[in-house]
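User: Hello! I am new to this structure and would like a friendly tour. Could we go through it in questions and answers?

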Amino acid sequence: MPELLENWTVQMRKGILELCILRSLSQTNRYGYDLAKSLVALPGLNTKEGTIYPLLSRLRAGGLVKSQLVESPEGPARKYYSLTQHGRDQLALMNAFFQTLSQSLNDAEMKGERK
Amino acid sequence: MTQWSAEAKTELEEFLLLQRNALHAESGVDADEVIDNLRTHIQEEVRSRKLQVVTREDVKTITNGLGTSSDKTRSVWTQLSPLSGLMLTIFGVVLPTISILFELWFHLCARTFFDPIPTWWHVLLVSSVPVANAMIIYRTKTKRFRPAPFLTALNMATMIIAFYYTIAFFVLLLPGMVTVFYFGFGLLPMGPLFAFIGTLYCRRFLSYPPLTRRYRWSLAGLLSAAALLGALELSVIVSRIGLQLADSKQPAVSQTGIELLRTLGSERTMLQACYERPRNVTNLAALLLSNGKAINQQKAREVFYRVTGKPFNSVRPPRLYFTNGRWEALDNMTWDFDEGLGGTAVAGRVGGLWLNSSRLDGHIFKRAHLGYLEWTFQFDNQSSMQREARARILLPPGGIVSRLTLWVNGEEREAAFAGRQQTREAYQEVAVRQRKDPVLVTTSGPDQILMQCFPIPPDGGTMKVRIGITTPLVMNSPLQGRLKLPRIIERNFNLTAELKHSLWLQSQSSLSSDLSTLHSSVGDENEAKLIGQIDDSEMLSSDATVEVLSPDPSVRVQTPGLDSDRAILQELGPSSPLNVDRLVLAVDDSKGIAPYLPEIVNGLKSLPDSIELLVITASASRDRQREYLPISVEEAARHINSITAVGGQDNLSLLVRAWELAAETPSGAVLWIHCPQPLLIGPEQALAQRLERSPSRPRIFGIQTIDGPNRIREKQLAIKSVSRFDTFEEDLTRWLEQLNSETGPLRFTRQAVLKEDPLVDPETTPETTDHVRRLWAAERIELLASKVDLDAAIRLSAREQLVTSVSGAVVLETKEQFDRAGLTPVNPSTVPVIPEPETWLLMALSLGALWWLRRRQTAGHFCRR
């Protein structure tokens, strides 16, 4: 992959990874390991667990997500993450921005076709 | 169940440690949370892979898939460049180590400024600084770093310790820099500063833990160092503050200092102050608190007594360094100069001076009920300086020194007896100025003498002295008497471990003692012997008493008088009862009285009902407004039981107040129950004034708990001592019982009469030893002295060769010295000796012949008539 493209995809992934985490948590509480695995499995995101955990910690420190320990029948208690109200508000704003950005991208493409 | 191999565990922990270090640099990330998630993740991976045994490779495989980088984190540990490492090693490890070892070996700072490492605990404390720095450097250079919160804590602790010592050495930094600049040496005072900088520099290599945990361990280190320094220095600091307060001229502030020291003071620190000289403090805290100016030595000794109730020189001195070396211990220490040389105080112990032999020979004269003892001391000086031996010796009750000799070049020389001042001046001239061989004995209060001899040659030199003591027995009945052995109650020399006082007593009466080390036997001519070896502690006990049982009691004896037409008569009879109407019990509530309080309570039960009783304690006597009313024995018992005995109390105020209370009735008396009085605390002149102006009313009696120095007794005030023979309770009971009995205890009366007196009849009044005359003379001398006829008193002392309150005995080395001092040594043929068995037989025969001749002369006289 050319260097320009590689840098661009890295920047894109960095920006979008937080949105992915928040979206994953918007529907249900997620076990940290489970969340990481599911995000790593997303095609195109091309991320690693080693990147996701620090990001989760930063989001928690920012008050967007919260964690709680839940007893597990398979071993020690598991740490489950969920969105806080502040996280939901931020996610709504991020979604809105992302839709606007996506719409803008589509609009830019259609304007190009009209020409 | 999944098993983790040791290597796998190590690999996991190393991985997590490196992640933690990397995360530490990232803002907004809780490293603990991430590490926790990573650990859980790896465990979940292991579970999902269904691994039975987890190997190092498994961990590596899993961690490699996590997408974390280890290169960045490892780089942290390689920041120590070779030059930095070398500098850190030199200044953070080597220089501080050399400083510590140098001080340990040469004590340069201790001798010149203060002792920075007075105990081995201090050595351990300061040694931890270079050790901690070395550990961090080693771990950093070798990259063999494990999670080591311990090192974080240790680094902080050593930083605090180094900082403390940097402050202490702050005043020496500038001179140190100047000497380095000009002379190229003097780095050692900067050791603590360099060590402190070293610990600060090492801290940057301890940045691996997350901030919160790092703070936690740092706090632990800080608290540990504070606790250790506090444990070692806090009591010293408090004691120094207490000493400064106690030194105040304001009584309230001084009392606050005393109370503080009694509660929190360190005895060791107070004892140090007793031996320090101005501007030679021996402790770091002392230096910081007092700006290098120590409390006055004498004041420190007084404070020590007031706080502890013990004389400072009765306690093993602390280990101190001075210019000439170290005070190792009481039995082997060095004092660079003897503060008491030639003086009248025994003062502190001096190093290297030992009493290596002590021999007590004696003869009890059956008819005269008296004894003559010769106590021979040999001193040994192992120090490198000439030394003076000084001792305060308590004589048997009523005893006087009647002979003094000194061995000069192997020959025993007799003393000159003269006025007290004259003998002391001669001693000081010869001993202190000329540094020749004299010995001096003067009295130091009733039944007490001060013996001093100088110079005992250095490096194993010896000096031998003999003191002759004439003493009456204390009679329970005409048949039974008791002799309390003399004892050393204060000394500036040490006793060798194997030292025993070797006793040999002989008499025509039977002799016995409660001391198991003394053995009675009967020799030729029915002469009884009491022989044995006594420890010094036994000598100081009430058991050091000899019971004398005489089968042939003589209540009246005679001996030739000073003039040929006179004889001295001695009669034994009951004394007059005291007839007391009020007894003021003055209790010294110093610390040492505590074990005797129950005995006082029991003894008080013997107080006759007719006597009014008041009880006053030393601590309460300071309150002049307090009123005292007569109380019953039961109330007195409750009061005495509630006494809190603490420190050393002001007994002069006690005696003044007790005297005033006793003076309120016509026949009041004071019984002063007290511990040893190593210091005069309180209004000395107020008491002296009362006792000098009114010596006979009210009377003051003193009963001392244990033998020891008594400065009040030394003042020759009219305080009569109650003789101690048995337990405290028994002696107290006996004294109280005879207070208002019909007759008082048996006592001797001695008088000079003309030979024509009908009482001077050899048939009814047998002739006996001339020691009777010496005892009569001693009484006569005190009478003359009390009438301020000092010349007559001194003349009689010199003639009878006695040491009294007005006279002393001194042995000088040469005739020239005697002549220059205007003194004449006594004729050896006139001195008392202990009769050899053969001599005794000869004396008996001579006395018999004399009696026969006189009888014949008398018979002839009547025949001629």
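User: Which residue of β28(B) does B:A669 stand opposite?

Analyst: Happy to start there! This is a predicted model, in which local features need pLDDT of at least 70, side-chain atom pairs count only at pLDDT 80 or more, and totals for chains, interfaces and linings use all residues. Residues are numbered from 1 along each chain as its sequence is written, chains are lettered from A and ligands numbered from 1 in the order in which they are written, and side-chain values use heavy atoms, leaving out hydrogens and water. Strand β27 (residues 668-674) of chain B runs parallel to β28(B), with six bridges joining them (strands are DSSP E runs of at least two residues, helices H or I runs of at least four, numbered from the N terminus; two strands pair if DSSP finds at least two bridges between them). Across that pairing, the residue opposite B:A669 is B:R699.

User: Is strand β28 of chain B largely enclosed or open, and why?

Analyst: Buried means under 20% relative accessible area, exposed over 50%, and partly exposed in between (1.4 Å probe, protein chains only). Five of the six residues of β28(B), residues 699-704, are buried, so the rest of the structure leaves this strand largely enclosed.

User: Which residue of β29(B) stands opposite B:F701?

Analyst: β28(B) also pairs with strand β29 (residues 719-721) of chain B; the two run parallel and three bridges join them. In this pairing, B:F701 faces B:K720.

User: How many salt bridges are counted between chain B and chain A?

Analyst: A salt bridge is a side-chain nitrogen of Lys or Arg within 4 Å of a carboxyl oxygen of Asp or Glu. One pair is A:R60 with B:D30, whose closest N and O atoms are 3.4 Å apart. Between chain B and chain A, the count is five.

User: Is B:E44 buried or exposed?

Analyst: B:E44 meets B:R47 in a salt bridge (2.9 Å, N to O). These two are three residues apart in helix α2 of chain B, so about one helical turn separates them. B:R47 is partly exposed at 33%, whereas B:E44, with a relative accessible area of 8%, is buried.
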